[in-house]
Amino acid sequence: MAGLVPAIHVFSVAVLKTWMPDTTPGMAAAEARRTRNMMNVAERKQTNAPTEAQRWLASFESALQTNDVYAAAELFHADGLWRDVLAFTWTIQTMSGRAAIAATLRETLARTAPRNFHIPTKRTPPRWVTRAGTEAIEALFAFETAFGRGAGVVRLTPDSSGLRAWTIVTTLEELRGHEEAFRVRPEPDSTRDFGAENWSDRLSKARAYDDRDPTVIVVGGGQAGLSIAARLHQHGIDALIVDRHQRIGDNWRTRYHSLTLHNEVHVNHLPYLPFPPTFPVYIPKDKLANWFESYVEAMELKFWTGTELVAGRYDEKSKEWRVTLGRTDGSERVMRPRHLSSRPASAAFPIRPSCPGSIPSPAPKCIQATSKTRSHGKVARRLCSAAAPAAMTSRRSCWRTAPTSP
Ligand SMILES: Cc1cc2nc3c(=O)[nH]c(=O)nc-3n(C[C@H](O)[C@H](O)[C@H](O)COP(=O)(O)OP(=O)(O)OC[C@H]3O[C@@H](n4cnc5c(N)ncnc54)[C@H](O)[C@@H]3O)c2cc1C
């Protein structure tokens, strides 16, 4: 019996070898053809998406390589949109329509020398999706410029002559020569000197700024401020975040009670530390606020709460800012960072709408007006749940909601 097992094993390997299909390129192609023939129209369309996207990208690159900005613009629909985040324009800019796209390419191509457009193998491959009610091939791509590494997303929709770009986003991801390397972890704590500073002591000291000023002060600890500070920290640049709120995340906690994020979880990640896969698709505001606190701890960021930027002026001579920080205990601290990053976004300032008299009768008791966005919809629903009729107006029409019975 004992000798039988290896014999069976040898036999089965031999049989398998005999019956294993030969995977010559010809047979593989025939197999691919057979699989294709078995697909329905929708499946075939989905399977073709990567080839179609690759073809568009190749035409785009070829037009850029030959400086043919008109040919490049022709690859867009007449009302196509191109949003560039630093990669070509070194700013955040949206070009609308072929003429604007061609003009920006003409102005930036020589300087940026874009090349090596390709579809990264490790990312979601191009696929048909529905965006804003429109079916499009959505393709993530990567490229390089003279300055660094870029990434983009293009959405292609068909017209009578083929697929053209409906929207494209190009983003500079990394500067050449300043590639992001994770900071070397500090040496483990010495076990010989039990009185020496440990990790926690060093972090507290770094956060106190008793003996120095930071290189960068980041004003505002919302997602923009946290992202910038985290990136600077990884580059070894000493950055202090200041926020007038009493607790990290209060910029979200203090927003309206029923708020959940408007975008899906996967587009809201902070750098380095994505939200856990257990998070809901629309993160509730207080959960996000608490995540911000965890993020600051995990990334070892320096964050002063209850601290307001009261005044700041740049000194051309010393190439430094002179910044006055007011703290809730009434104290002030003057610091001289080399850079100031200001993130007080428009969403940080509450706006109380005045009720115009132009809403058609019967006049609602409460009005949250001006546009039909998710926020406005939610506020209108909230008013309804408080038994107050509400109206939402936009340029096109007026929506009314009636109080729901309890
Ligand atoms: C209802 C609602 C839903 C939203 N949903 C989403 C979403 O799903 N996804 C998304 O990406 N965006 C969403 N946004 C937009 C998002 O909130 C803002 O784009 C984002 O908060 C901007 O981040 P920020 O860090 O620039 O500014 P903020 O988060 O507004 O933070 C600015 C911070 O600066 C502080 N500050 C201001 N001035 C000073 C000063 N002088 N000194 C010290 N501190 C100061 C404020 O206290 C505040 O904490 C939503 C916005 C709202 C209102």
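**View 1. The loop around L86, between strand 1 and strand 2.** L86 sits in the loop that links strand 1 (76-85) to strand 2 (92-96); strands are DSSP runs of E with at least two residues, helices are runs of H or I with at least four, and both are numbered from the N terminus. This is a predicted model, in which local features need pLDDT of at least 70, side-chain atom pairs count only at pLDDT 80 or more, and totals for chains, interfaces and linings use all residues. Residue numbers start from 1 along each chain as its sequence is written. Although L86 is not a glycine, its phi is positive, at about 75°. L86 is partly exposed, because 18 other C-beta atoms lie within 10 Å; the cut-offs are 20 or more such atoms for buried, 12 or fewer for exposed and anything in between for partly exposed, with C-beta atoms placed from the backbone.

View 2. A132 is a residue other than glycine, and its phi is positive, near 50°. Is A132 buried or exposed? With 8 other C-beta atoms within 10 Å, A132 is exposed.

**View 3. Helix 6 and the residue that follows.** Helix 6 covers residues 199-208 and is hardly covered itself: of its 10 residues, the count of buried ones is zero. Just after helix 6 comes Y209, with a positive phi of about 50°.

**View 4. The whole chain, for orientation.** The chain has 10 helices and 16 strands. Of its 406 residues, 22% count as buried.
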